[in-house]
Amino acid sequence: MKLHELKASGNKKPKRIGRSGKRGSYSGRGVKGQKSRSGRRLRPAERDLILRLPKRRGFANARKSEKAIIFNLGDLAEALKSFATAGKGVLDLNAELLKAAGLLKKGFQGEVKLLGEGEISFPVKVAQGFKVSGSAKAKIEKAGGNVG
């Protein structure tokens, strides 16, 4: 190490700009706005988020219920073809059967609606809680099933 390779430690103070001389006028800060002011302090994003929340007791977002899952008869017949027992009576169409077929998630608690698109060739007995359109009901009854 040589004398000219030595560097000064952190004793240097920051340059005070905006006091005439070479750094006068806007002093490298641009024109107007919060960032050009002296003593500026930008407001944190968390503060803005807190201010947006309602200042009322008992505030809660509306509960979101699961939407009804819609099945067309043709798609349902295709998926349940392996479950349909040929000539062994009526297939009970309920949530457990749809979960076993992989059409519903395990913890599904919402509604199921059947629409009349497509055809069904085997008889099914639709569970009580299912919503069924008029055309779907007619096609199910035509195939030998019933809507409960």
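Guide: Welcome! Two strands count as paired if DSSP finds at least two bridges between them, and strands (E, at least two residues) and helices (H or I, at least four) are DSSP runs, numbered from the N terminus. This is a predicted model, in which local features need pLDDT of at least 70, side-chain atom pairs count only at pLDDT 80 or more, and totals for chains, interfaces and linings use all residues. Residues are numbered from 1 along each chain as its sequence is written, and side-chain values use heavy atoms, with hydrogens and water left out.

Visitor: What makes β4 and β6 a pair?

Guide: Strand β4 (residues 124-126) and β6 are joined in the parallel sense over two bridges, and the rule asks for at least two, so they pair. Within this pairing, V126 stands opposite V147 in β6.

Visitor: Why are β2 and β6 called edge strands?

Guide: The open sheet has the order β2-β4-β6, with parallel pairing. β2 (91-93) and β6 (146-147) each pair on one side only.

Visitor: Why is M1 called exposed?

Guide: Its relative accessibility is 84%, and exposed means over 50%, buried under 20%, partly exposed in between (1.4 Å probe, protein chains only). So M1 counts as exposed. M1 is found in the segment before α1 (45-52).

Visitor: How do you know whether S36 is buried or exposed?

Guide: S36 has a relative accessible area of 16%, so it is buried. S36 too is placed in the segment before α1.

Visitor: What does S36 touch?

Guide: Leaving out residues up to four places away in sequence, S36 touches R29, G30 and V31, where contact means heavy atoms within 4.5 Å.
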